[in-house]
Amino acid sequence: MTRLWWVRHGPTHAKGMIGWTDLPADLSDTDRIARLSAFLPDAPVISSDLSRARDTADALCGDRPRLTADPALREMHFGDWEGKRADTMPPEEAAALRAFHESPGTVPAPGGESWDTLSARVCAAADNLARTHRGGDVIVVAHMGVILTQVQRALRLSAYETLAIRIAPLSVTRLTLDGGWRASEINHEP
């Protein structure tokens with residue numbers, strides 16, 4: 001049995017669509033980070049290569065082994081929509097964004113990637129971690145969309161159903177591989 005402990009990075013306080021934009025995490029709540037670190041198992045820590053995930057992983061790591069950051073664990077690439085807010089987009093862009101969210105799947109963000117592309121990328125990375133750390137635990141510090149792709153797989157939901165789930169900053173989603181992926185805990189805030 002292999003367990004991946006998915007941790008969403010610390011908050012960025014950004015209001016727009018932040019995918020590959022490299023914003024820092026607010027890690028000023030040291031008590032909360034200490035509680036989260038104490039809750040997590042003594043296991044290797046890996047993260048996305050974006051600073052908000054990398055810095056969160058470093059803050060949680062303590063004496064745990066730190067694995068090399070993996071760009072396959074990056075958030076969805078929103079392309080031309082990076083940093084934009086739906087409420088400030090011109091009508092034609094806002095309509096395209098609504099369609100993108102109402103029918104997530106194969107349609108990519110302009111200049112970015114689709115939900116299915118994100119999911120395939122993250123599933124491959126998660127499966128590789130499970131093979132490499134078979135029978136153990138791994139702490140994976142990543143992003144909301146990344147974590148949701150794995151929740152979708154474990155719960156066998158549609159992309160549309162999955163996008164209704166909230167993953168809070170500094171929360172833990174524990175998924176277990178034991179004959180198939182299953183969710184043991186979603187969005188737990190220690």
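Me: Which helix gives the most to the lining of the largest pocket?

Reply: This is a predicted model, in which local features need pLDDT of at least 70 and side-chain atom pairs pLDDT 80 or more, while totals for chains, interfaces and linings use all residues. Residues are numbered from 1 along each chain, and side-chain values use heavy atoms, without hydrogens and water. A pocket is an open set of points on a 1 Å grid over the protein atoms alone where a 1.4 Å probe fits, with protein on both sides within 12 Å along at least five of seven lines, and lining residues have an atom within 4 Å of a point. With helices taken as DSSP runs (H or I, at least four residues) and strands likewise (E, at least two), the most, 3 residues, comes from helix 5.

Me: What volume does the largest pocket have, and which residues are closest to its centre?

Reply: Counting the space filled by probe spheres set on the points, the largest pocket has a volume of about 650 Å³. Of its 26 lining residues, the closest to the centre are Arg8, Gly16, Glu75, Phe78 and Met144.

Me: Which strands stand at the edges of the sheet?

Reply: The open sheet holds 5 strands in the order 2-3-1-4-5, with mixed pairing, where two strands pair if DSSP finds at least two bridges between them. One side is left without a neighbour in the sheet, because a single partner strand is all that each edge strand has, namely strand 2 (45-47) and strand 5 (181-188).
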